[in-house]
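Got your viewer open and ready to click? Let's walk through this model one stop at a time.

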Amino acid sequence: MTAHLPVLIVVLPLAAAVIVPLISLASAKAAFAVACLTLAAAAVASCKALSHVLAHGALRYELGGWAPPWGIEYVVDPLSGGVAALIALIAVCVVVYAGPQVNGGSSARGGMFHGLFLLLVTGLLGIVLTGDMFNLYVFLEISSLAAYALLASGGIRGTVATFRYLIVGTIAATFYLLGTGYLYALTGTLNMADMAVRLTAVMDTRAYGVAVVLIVIGLAIKAALFPLHGWLPDAYTYAPAPVTGFIAAVMAKVSAYALFRVLYFVTPAEGASAQALMLLGWVSVIAVLAGSILAMAQQDIRRMLAYSSVGQMGYIVLGFALGTPAALIGSLLHLFGHAVMKGCLFLAVGGIRWRTGIYRISDYAGMGRRMPLTMAAFVVAALAMIGLPPTLGFFSKWYLLSGAVEAGAWLFVIALVLSSLLGIVYFFRVFEFAYLKAPEAGQPTPPRQELPLHMLAPILVLTAAVLVFGLLNQQVVGGIIRHALPGALAP
Amino acid sequence: MWENLSGYLNYWLAAVLLLIGLYGMLGRPNLVKKLMAMNILQVAAILFFIALAEKTGATAPIEVKGLHDVSAYVNPLPHALMLTAIVVGVSTTGVALALLIRIHRHFGTLEEPEILERMRL
């Protein structure tokens, strides 16, 4: 059973993605139950695979019995297993939040929504688990196609934004594909582990440089790294709440994971990839600051969170660029932490919009009394984003900072601190309206309108995760993330 | 220079198509033209891979009796990969067309500046 776990994690949601829309023709509730159970099974399988890998070493699965490097292999190591578990667990939270009728402003009918959502999860899990460069491209496109359909279900503005994302996303995927073609021409293999061995012999060629540039640009677009983030704010703003909650939480992270996988596990450490990382470092410093400044300028709270995501992607890539063990730990912890925090924030904000129709920050007056639990969750997650101890956000930023100090990159240190201060500014604006400003005089105080339980519970679970994993950060770092570092840096 | 051009003619062709596609996707205001340019971009990537598989004087990778020399057959792997890439391209085009139908129904136009103008109102 354990031997088949790597493929089960991907195949289960894929099979359900086909079956669920069919079941929904008979009963929407049954379709919802199947979707929930499948995602829960995928989550259990990834957690089980992760714990097995941490105890016994990497788990490899040869698809169809073809031995690598000829066949495609799926690899669960502490890095891919950890990210897969993160994706599956957040997917469970989001599908419960969406519920059988898909609350939160999606025009897709329940069964179609759940089918597409399962397909999106399949694609993301596949990107994470595959050990084959071309297979990664296929999963990248599977997840993107499902995401386009889901994002477009949020009304006409969402559709226009999605078309623009589709154009940019296809450019990104084609760049990645071309880069893979160059690497294949150089090495004659598509298997990541095999390619890593063979690339050292050809790392001085110009074709190798071109390959690295193409792949890095492609994945940076997908990860919405400033200044390639243009597609993100509109796409996130107009999508239905559960869709934004999930996509904002994990989709860009998975692209960042792919970037990390290629630059640290496939390409040789010196040469073109080192130069690419240096460039990414400078770009991400600008991303960190620009994202925070643009977030401050927004009136629409969803757009504010979207720009804050652009800044946070900068944090993650910055850690990759610094490359010291502490910085990499910080990056991976932030990848994990930001997924939980941003998922929580977007679900809360989406719930508030679904319940009250309010999405402008200036209309949030009195929200602390109208929806106390949702707002409390928002506050905890926002404080974690700012980086207040003992939340998860504090510890990831702490590791990143100590990594930057270790590397002697003082400019990066300044950027990190400054961006946290800017985070205080734009989140406290929301707090001020929600808790301190009274609703306009003369108007009757709006009644308490808390979200229904199935929407509230996932938000509170994610909020608890922000606090619990913050307190347990030693265990997370020591038990999983340290083992996920590339060979030379692992203990 | 000439040798560089003629020896790698297939690749130059793919590069030219790639640039035409990129220009169309980023530079043209009409959404359908953007979509057509996207297809050109994908064809460029497909031709690039097929060019990789090519060998002078080689035949299709189906075994000919008595011919066991690898250099007598073109490399079948890029073809197999591109079959998948073509499927991906077709699905992307399908999704994009569905989006365009919805946009056209709502705005009655597919010119991006007009759509953006009307969304601002």
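**Stop one: a hidden alanine**

Select Ala224(A): its relative accessible area is 0%, so this residue counts as buried (buried means under 20% relative accessible area, exposed over 50% and partly exposed in between, with a 1.4 Å probe and protein chains only). Ala224(A) sits in the loop between α8 and α9 of chain A (helices are DSSP runs of H or I with at least four residues, strands are runs of E with at least two, and both are numbered from the N terminus). Check its backbone too: phi is near 60°, a positive value in a residue other than glycine.

Before moving on, some ground rules. This is a predicted model, where local features need pLDDT of at least 70, side-chain atom pairs count only at pLDDT 80 or more, and totals for chains, interfaces and linings use all residues. Residues are numbered from 1 along each chain as its sequence is written, chains are lettered from A and ligands numbered from 1 in the order in which they are written, and side-chain values use heavy atoms, with hydrogens and water left out.

Chain A averages 88, and 96% of the residues score at least 70. Among the elements of chain A, α5(A) has the highest mean, 94, while helix α14 (residues 367–370) has the lowest, 82.

**Stop two: a pair of cis bonds**

Stay in the loop between α8 and α9 of chain A and pick Pro227(A). The peptide bond reaching it from Phe226(A) is cis, with omega near 5°. Now jump to Pro390(A), in the loop between α15 (372–386) and α16 (392–406) of chain A. Here a cis peptide bond links Pro389(A) to Pro390(A), and omega is about 5°.

Next, click Val53(A) in helix α2 (residues 28–56) of chain A. Leaving aside neighbours within four places in sequence, Val53(A) is in contact with Ala58(A), Leu59(A), Val76(A), Asp77(A) and Pro78(A) (contact means heavy atoms within 4.5 Å). With 3% relative accessibility, Val53(A) is buried. Now find Ile480(A): it is 427 residues from Val53(A) in sequence, but their C-alpha atoms are 9.9 Å apart.

**Last stop: Thr324(A)**

Where is Thr324(A)? Look in the loop between α12 (301–322) and α13 (325–356) of chain A. Its relative accessible area is 14%, so Thr324(A) is buried. Apart from neighbours within four places in sequence, Thr324(A) is in contact with Gly403(A), Glu406(A) and Ala407(A).

Definitions and conventions. pLDDT is the predictor's confidence in each residue, from 0 to 100.
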